[in-house]
Amino acid sequence: VRPLPCPLHAPRVRGDDHHVFEVLRLDGVAQDRHGLQIVDRDMEETLHLGRVQVERSPERFKLKVERIEIDDLVRFAVSLPQDDRFFTWLRATRPEGQVSNLTLEVKSGPVPADFRVTADLSNIAFAAHELIPGLAGLAGRVSMSRHEGEFRLASANLRTDLPHVFRTPVDVARASGSIRWRLTPESWKIVSDDLAAENEDGRVRGDLDLDIPRDPARSPVMKLRADIRDGQGAHAARYMPNVTPEGLRSYLTRAIVAGRVTQGSVLFDGALRDFPFRHGEGRFEVRTRVAGAVFEYLPRWEPLRDVNADLYFTGTGMRIALIDGRMHGMTAGRAVIAIEDFLAPGGAVVTVNGRIAGAANNLIDGIEAIPDRRYNAWLPRGVRADGNGVFTLALNIPVKRPTETTFDGHYRFL
C-alpha cells in the first residue's frame with residue numbers, strides 16, 4: 001500500500017484478479033500486477049483504473065494511471081453532492097470514452113496550490129446540452145492545470161452535433177488542431193487558430209474564439225472564421241442553419257443538383273442565443289465560389305447547367321450571383337437568384353433575374369419545353385425565327401406555392 005496525500009474513502013478496493021481488500025477508509029493505493037479497481041458498495045459503482053503508480057515527496061504528489069473508463073468516472077462524479085454548472089452538464093450529457101497514460105501532479109502543501117494533468121483521450125462522446133455542442137469520436141492529448149489547458153485534437157470519424165445551428169449532426173473524416181482555454185473571474189476563454197477538418201463534402205481550416213460565461217444567465221459568445229475548399233455543392237442543404245424553413249430546405253435540396261465549391265468562407269460572430277441575428281446583433285455569413293453547378297429552379301423546367309457562381313448565405317437570406325452558365329444551348333450571365341427573407345410572413349420567395357444570350361430558335365425551343373402551358377400558351381406552335389439576341393427574364397417563385405410562380409421575359413434581337 002502506497003500512501004496518498006489525503007485519505008480516499010472507499011468501502012472496498014479490488015484487484016483485477018478479484019483479490020478483495022475490505023477497508024472502511026483507504027489511506028493509500030492497493031494494487032496487484034493486473035491493476036486497480038475502486039468499488040463503492042453504497043453507490044454500486046466501480047472505477048476501473050488499470051495499473052496505478054504513486055510517487056510522493058515533500059514537494060509534490062504524483063499519480064500515474066494506465067487507463068480510466070470515462071463513463072465509470074462520470075458515474076462516481078455525478079453521485080457527489082455538487083450542483084454547479086459543470087456537474088449539471090456531466091449529469092445531462094453522460095460523457096463516455098477512454099483516458100490512458102494519465103499523469104496527475106499536485107504541489108504539496110496544506111492546501112494544494114495547483115495541479116497538472118496530462119492524458120491521452122480516445123473515443124470521447126457526450127451529448128449536446130443547451131448551447132454546448134455534442135461530440136462523438138473525439139481523440140487527442142490533453143494537458144491542463146486548474147485555470148488553463150490545451151487539447152491537441154487528432155480525431156478520425158468525428159461526429160459533431162450543434163442542434164442550435166444545424167438540423168442534423170455533421171460527420172468529419174479527419175480533424176486536427178490545438179484548442180486552448182483559460183479560466184477568468186467572468187468566464188472560460190476558449191481559442192484555437194489552427195483547426196482543420198475534412199469529410200466527403202470538403203475541407204475546412206479556421207480559427208475559433210469562444211467565451212462561456214460562468215453566469216448561466218448569460219449567453220456564450222463565439223467568433224468562428226473558416227475557409228472552405230473542394231466542397232460538394234449538391235450537399236449544401238446539410239449545412240443550412242436551423243432557421244431555414246423546412247419548405248425552403250426541401251426546395252434548395254432539390255434545386256441544387258450538382259456543383260463543386262472551389263473556395264469559400266464561413267463567419268459566425270455573436271452571442272449564440274441571438275442567432276440568426278435578424279436585428280443585426282451579430283453576423284453569420286457563408287460565401288462560396290461554385291463551379292459546374294446544376295440548378296433546377298422549377299420541377300421539370302430546363303435547369304441552368306455548367307453554372308459558375310458566387311453564393312452568399314446569411315442567417316436570414318441568400319443570394320446567388322451567376323457568372324455564367326448554359327440553358328437550352330444559350331449562354332446565361334449576369335443573373336441573380338435570391339431569397340431576401342427565409343422567414344417572410346407569406347413564405348420565402350425565390351427571385352430569378354438575369355439575361356440569356358443565344359439564337360432565337362434556341363429560346364423558342366426552351367419556351368416550348370416549359371411543362372406548364374400557362375407560361376407558353378401564347379406562343380404559336382411551330383413558330384421559328386432567325387438571328388441572335390438577348391432574353392431578359394424575371395421569375396418570382398413562392399416556395400410554399402410554386403404553382404403561383406410569375407414569369408416576365410423580353411427578347412431583343414441583336
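Visitor: Which strand gives the most to the lining of the second largest cavity?

Guide: To read a lining, one asks which elements its residues come from, and in this predicted model the strand S23 makes the biggest contribution to the second largest cavity, with 4 residues. Strands S21 (318-327), S22 (330-339), S23 (349-359) and S24 each supply at least two residues of that lining. Among the lining residues are Tyr297, Leu304, Met327, Gly354, Arg355 and Leu395.

Visitor: What is the volume of the second largest cavity, and what classes of residue line it?

Guide: The volume of the second largest cavity is about 90 Å³, and its lining is made up of 10 nonpolar, 1 polar and 1 charged residues.

Visitor: How many cavities of 30 Å³ or more does the count give, and what surrounds the largest cavity?

Guide: The count gives 2 cavities of 30 Å³ or more, and the largest cavity has a volume of about 180 Å³. Its lining consists of 15 residues, and those nearest the centre are Tyr297, Met327, Gly366, Ile367 and Ile370. Helix H4 (360-368) and strand S24 (388-398) each bring at least two residues to the lining of the largest cavity, and H4 has the largest share, with 4 residues. Sorted by class, this lining holds 11 nonpolar, 3 polar and 1 charged residues.

Visitor: Which residues have the most contacts inside the largest nonpolar core?

Guide: The general idea is that, in soluble globular proteins, nonpolar side chains tend to be buried together. Here the largest nonpolar core has 86 residues, and the ones with the most contacts inside it are Leu248, Tyr251, Phe295, Tyr297, Leu304, Val350 and Ile397. If you follow Tyr251, leaving out residues up to four places away in sequence, you find that it touches Phe295, Tyr297, Val350, Ile397 and Val399.

Visitor: Which residues are buried in helix H2?

Guide: With a helix, one looks at where the buried residues sit around the axis. In H2, which spans residues 85-93, Phe87, Trp89, Leu90 and Thr93 are buried. These four lie on the same side of H2, because they cover an arc of only 155° around the axis. After H2 comes Arg94, whose phi is positive, near 45°.

Visitor: Is Gly282 buried or exposed?

Guide: The cut-off to keep in mind is that buried means under 20% relative accessible area. Gly282 has 18% relative accessibility, and therefore counts as buried, although it is placed in the loop between strand S18 (256-271) and strand S19 (283-295). Not counting residues up to four places away in sequence, Gly282 touches Asp269, Gly270 and Phe277.

Visitor: How does Pro245 count by relative accessibility, and where is its place?

Guide: Pro245 is in the loop between strand S17 (231-232) and helix H3 (246-255), and because its relative accessibility is 23%, it counts as partly exposed. Apart from neighbours within four places in sequence, Pro245 is in contact with Phe342 and Leu343. Pro245 and Phe342 are 97 residues apart along the chain, yet their C-alpha atoms are separated by 6.6 Å.

Visitor: How many helices and strands does the protein chain have?

Guide: The protein chain has 4 helices and 25 strands, and of its 414 residues 43% count as buried. Among contacts between residues at least 6 apart in sequence, 50% join residues at least 24 apart.

Conventions
Residues are numbered from 1 along each chain as its sequence is written. This is a predicted model: local features need pLDDT of at least 70, side-chain atom pairs count only at pLDDT 80 or more; totals for chains, interfaces and linings use all residues. Side-chain values use heavy atoms; hydrogens and water are left out. On a 1 Å grid over the protein atoms alone, a cavity is a set of points where a 1.4 Å probe fits but cannot get out, and a pocket is an open set with protein on both sides within 12 Å along at least five of seven lines; lining residues have an atom within 4 Å of a point. Grid points are joined across faces, edges and corners, and a volume is the space filled by probe spheres set on the points. Ala, Val, Leu, Ile, Met, Phe, Trp, Tyr, Cys and Pro count as nonpolar, Asp, Glu, Lys and Arg as charged, and the others, Gly among them, as polar. A nonpolar core is a set of buried Ala, Val, Leu, Ile, Met, Phe, Trp, Tyr and Cys residues joined through side-chain atoms within 4.5 Å. Buried means under 20% relative accessible area, exposed over 50%, partly exposed in between (1.4 Å probe, protein chains only). Contact means heavy atoms within 4.5 Å. The arc is that of the directions from the helix axis to the C-beta atoms.
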